[in-house]
Amino acid sequence: MNNFMLELTRIMHKASLTESANEQIQLVVSAITEAIDIDVCTIYRRNANNDMVLLATHGLANRHPIIIPKNLGLVGLVAQSKHTVNLTEPAEHADYYFIRQSDEEAFHSFCGTPLVHHGEVIGVLVVQSRKSVLLGQEQEAFISTLSSHLALLVSALPLDKGTMSKYNLRSKGLSGASGTAIGKIQLVKSERLMDFPDSHAKDPTHELAQWQQLKTAVAAEVRRERNAVKENLGESLASIVDVYQVLLADHTFGDKVESYLKTGLGLLTAIKHTVRYFSDLFKSMSDPYLKARHDDMDYLGDKLYQVWLGKSASPPKFEGSAPVVLIGNQISVSDIISLPAEQLVAIVCFSGAALSHIAVFANALGIPAVMGVGELKELNNGEQVIVDGNIGQIIRNPSKPILREYRLLAECQLQIDQQLQTLTHKPAITSDGIVIELFANSGLQADVMPGLHNGADGIGLFRTEIPFMVRNSLPSEEDQIEVYQHVFKAYAGKPVYIRTLDVGGDKPLPYLPIIDEENPALGWRGVRFTLDNLQLMMTQLRAIIRAANGQKNIHILLPMLSTTSELDKCIELIDMACLQLTDEGITVCRPRIGIMIEVPAVIPLLQFWYKKLDFISIGSNDLSQYLLATDRNNPFVGKLFDSLHPAVIHELKRIIQIADDYTLPLSLCGEMASDPVAIMLLIGLGVRRVSLSSSKLPLIKWIIRSLSITASESFAQKALLLDNAAAIRKLGYATLSKLGIDINNIQA
Ligand code: PEP
Ligand code: MG
């Protein structure tokens, strides 16, 4: 083999063209035998009992399920030693384990390498030969390189698949909405735009006319869906559908389609390229909320395709009255409303993430959702399935004991939900009488109302990035005023914290010069970017102040500050905007000004800045990222990202102390606020105002009402003495449990 890198690329490319992970793995084992001229290639997968189950083989007899018991044989040796074992005459080795069903006695060389995923051995790749010859260095390097690619593929397979059991088939995804449900599968098949083959058009003028017609038809379809949702489920859910209308109406989207059409592409191909462009743009963003918007884009693309095919008005038919779990690549709003609300118990999507709109919908409906489980094959309508939205997992064809456990859990859940619902309009007050202000994080017009619905005391963080990003030119002052006014009106009389643009770095605006940064998280983002694009900052400030229309509840939040001159420049600009508008005869109330505490460097600067600031807000997501030197979006270091890390909580204590010393109002608006253990810790450290996603408000309110300041303070004191996040979390669970909050039944 002359060029094994080329061979590797060829194998992985060929594998990527197959339909399922199982097929991919089978293809890879066959390709390996060919590439390195060997007789056998086998992949074993570790199951829940730590036995090694044969997953795929080329060359071994595989008439029966082959399972090597935990730690046995040379396969067990590879797994335990965590490195490659390369030898001849395996049968003479002390660890040899004879697998009767495999006919493997005919092979005289063995080379096994572990498949490691996220630091754990999840399987073993073995190659064997009839000849008694050691595998050469180059071949050995080839299989160990391939093993890291294979580990990714193998990790995507359901754990129990290898045992051939038809029960308890688990698939992992992401939690989209918490809770558990048991129901019958109803498959939702949707036509996917991305599957449509590329084509060219003879007459671009004709395609342009078709595009106008299609746009009108889809707009009508989305309006119809909105009305149906409003009628069946109420206005607050109907507003979630608005995002598709907004995306469709945005001229950036239309302009892009039209520019592709003018190059001679067929209509669907032009739409496909446009959807891919915007979807990729969202995917590349680091902010999890914005990242999830790519899903809305894909959804809109599929909707356009379906209407083009004339298939929009035929949602699946449901028979009987059994609880239904909708499963599919894209679940549409029409699918949801085609079922009586009480019959739909859960949603499972092949794609999507926790912040996708269908997850927002599930949250609003109060049903569990699991997103991104990957393309599940061999699903049957009517098959029983458990959906565990708490841990983002589904279990198909569950066995009786598993069902019993989940039914018990569902009963507990019901009790908790009933308790939570009664709290919506009650204050978040601790059992010893201290009020904690609960605000909502928001960023889309569609998720403004759910916050109010769940009893938010205000908007603690409005991320203004979205209206800027879904366009291909800057929104004008008037465009922006419309967006901010919607928020201010909805929250009239309540505090609203509007953050200035946090773009740049890996959240570039497509229509401004994009630079390729080596370390985008440490680069040109937040005020670093907007101060270099002053005109942009000025227009936004003017729009915020004008939209406020003299209201006193408006706060401007500045992201990513790290120097005094940045703060001074921002304040100067805000004052300049106020002055300009006053001169123009507009009623102005100077907004209160505060900063996000994200870059650790600002902590010691607060002693110099406090007179210039009206408040501070801790952005625990970025603060943790920078303190721990851990990319918040990189799954490979995901285990290291924990806001309960002692370094983070000691810094939080320091910030809270400084805020107290200088009577600087403080809040926290990162994900940490929706973690049950973290909220107790924050309250114990002295935080009295937090902002979190709307869906988590009821749960966090319930926890706060079950806590006392004394218990929280005592927990915080003990936590500050511990040296690792796991120990802090364990202590937190035990403390919550003593307070009657059973963390096993709830999940933040
Ligand atoms: C944060 O960093 O904690 C924060 C709330 O800002 P974002 O998640 O939008 O970066
Ligand atoms: Mg941030």
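Which residues is His294 in contact with, leaving aside its neighbours within four places in sequence? Select His294 in the viewer to find out; the answer comes at the first stop.

Before starting, note that this is a predicted model, in which local features need pLDDT of at least 70, side-chain atom pairs count only at pLDDT 80 or more, and totals for chains, interfaces and linings use all residues. Residues are numbered from 1 along each chain as its sequence is written, chains are lettered from A and ligands numbered from 1 in the order in which they are written, and side-chain values use heavy atoms, with hydrogens and water left out.

**Stop 1: His294**

His294 is in contact with Ser279, Phe282 and Lys283, apart from its neighbours within four places in sequence; contact means heavy atoms within 4.5 Å. His294 belongs to helix H10, residues 294-309. Helices (H or I, at least four residues) and strands (E, at least two) are DSSP runs, numbered from the N terminus. With 15% relative accessibility, His294 counts as buried. Buried means under 20% relative accessible area, exposed over 50%, and partly exposed in between (1.4 Å probe, protein chains only).

**Stop 2: Gln128**

Select Gln128 in strand E6, residues 120-129. Gln128 is buried, at 3% relative accessibility. Leaving aside neighbours within four places in sequence, the contacts of Gln128 include Asp39, Leu60, Glu104 and Phe110.

**Stop 3: ligand 1**

Select ligand 1 and show what surrounds it. The shell has 14 residues, the closest being Arg463, Arg499, Gly619, Asn621 and Arg632; a residue is near a molecule if one of its heavy atoms lies within 4 Å of it. Taken alone, ligand 1 exposes 290 Å², and the protein buries 99% of that; accessible areas come from the Shrake-Rupley method with a 1.4 Å probe.

Colour by element next. Strand E16 (459-463) and helix H21 (620-628) are the elements that give two or more residues to this shell. Helix H21 gives the most, with three residues.

**Stop 4: the magnesium ion**

Move to ligand 2, the magnesium ion, which is coordinated by Glu598 (OE) and Asp622 (OD) at 2.1 Å. Donors are N, O and S atoms within 2.8 Å of the metal (3.2 Å for Na, K and Ca); water is not among the atoms, so sites may look incomplete. Glu598 lies in the loop between strand E19 (592-597) and helix H20 (606-609), and Asp622 in helix H21, so the pair ties together parts that are 24 residues apart in sequence. Glu598 and Asp622 are both buried.

**Stop 5: two loop residues**

Most residues other than glycine have a negative phi. Met560 has a positive phi, near 65°, and sits in the loop between strand E18 (554-558) and helix H19 (564-583). Thr663 also has a positive phi, near 40°, in the loop between helix H22 (646-661) and strand E21 (666-668).

Are these residues buried or exposed? Met560 is buried, with a relative accessible area of 0%, whereas Thr663 is exposed, at 71%.
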